[in-house]
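This report describes one protein model for a reader who has not seen it before. The sequence and the structure come first, and the description follows.

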Amino acid sequence: MVWRVIRGMLPHKLPRGAAALDRLKVFEGIPAPYDKKVRFSVNSCSKVVKLKPQRKYCSISRLAHEVGWKYKGIIETLEVKRKVKSQQYFEKKQERAAIRKKAIGNVHSKIADIDAEIQEMGCKAC
C-alpha cells in the first residue's frame, strides 16, 4: 500500500523515477538486519509538532485494515511482545548500570592514584 502511494508520487514511467522506485525498500514490521539497530525518534517530525489540534488523521494500519489487510491483529500481538521484551531489556540494563556504579564506588579509593596518573597523561574520559 505504501509502495503504491509512493509510486503515485514518482514519475515511475521515466528512467529517473523507475530508478528511484527500485531503490525504495518497504517492509511490514522491522526486518532482520534492522531489528537489532538502535531506534530513535525524530521529534521535529512527530504528530504533536506537525499537526494542528483540530486536524483529523489516521494510521496506515487502520486504513489498510479497512480496505482488506489481514495482518493487523498479528502485527499488534507482535508489537505487544516486542514491547514486553524491550521493557525487560531496559530493566536488566538499569540493573547492570546500578551494579557497575556500585562496583566503581567500591574500588574508587583503591584506584584513585591510578586515575590521577591517567588524568595527568591527558585522558579527559576518566
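## Aromatic rings

Tyrosine 34 is partly exposed, at a relative accessible area of 38%; buried stands for under 20%, exposed for over 50%, and partly exposed for what lies in between, with a 1.4 Å probe and protein chains only. This is a predicted model, in which local features need pLDDT of at least 70 and side-chain atom pairs count only at pLDDT 80 or more, while totals for chains, interfaces and linings use all residues. Residues are numbered from 1 along each chain as its sequence is written, and side-chain values use heavy atoms, with hydrogens and water left out.

There are 2 aromatic pairs in the structure. Rings of Phe, Tyr and Trp (its six-membered ring) pair if their centres lie within 6.5 Å; planes under 30 degrees apart are stacked, over 60 edge-to-face, and the rest tilted. Tyrosine 34 pairs with phenylalanine 27 in a tilted arrangement, 6.1 Å centre to centre with 55° between the planes. Tryptophan 69 and tyrosine 71 form an edge-to-face pair, because their planes stand at 70°, with the ring centres 6.4 Å apart. Tryptophan 69 is partly exposed at 23%, and tyrosine 71 is partly exposed at 37%.

## Phenylalanine 27 and lysine 47

Phenylalanine 27 sits in the loop between helix H2 (15–23) and helix H3 (47–50). Helices are DSSP runs (H or I, at least four residues), numbered from the N terminus. With 45% relative accessibility, phenylalanine 27 is partly exposed.

Lysine 47 belongs to helix H3 and is partly exposed, at 43% relative accessibility. Between lysine 47 and tyrosine 57 the C-alpha distance is 9.3 Å, at a separation of 10 residues in sequence.

The largest pocket holds about 770 Å³ of space. Its lining has 16 residues, and Ile30, Asp35, Arg39, Arg82 and Ser86 are the closest to its centre. A pocket is an open set of points on a 1 Å grid over the protein atoms alone where a 1.4 Å probe fits, with protein on both sides within 12 Å along at least five of seven lines; lining residues have an atom within 4 Å of a point. Grid points are joined across faces, edges and corners, and the volume is the space filled by probe spheres set on them. The lining of the largest pocket comprises 6 nonpolar, 2 polar and 8 charged residues. Here Ala, Val, Leu, Ile, Met, Phe, Trp, Tyr, Cys and Pro count as nonpolar, Asp, Glu, Lys and Arg as charged, and the others, Gly among them, as polar.

The second largest pocket holds about 370 Å³. Of its 13 lining residues, Val2, Phe27, Glu28, Ile60 and Trp69 lie nearest the centre. Helix H1 (2–9) and helix H4 (60–66) are the elements that give two or more residues to this lining, and H4 gives the most, with 3. By class, this lining has 10 nonpolar, 2 polar and 1 charged.

## Helix H5

Helix H5 covers residues 72–120 and spans only 60 Å between its end C-alpha atoms, whereas a straight helix of 49 residues would span 72 Å at 1.5 Å a residue. The expected span is 1.5 Å times one less than the number of residues.

At serine 109, H5 bends by about 70°, the bend being the angle between axes fitted to the seven residues ending there and the seven starting there.
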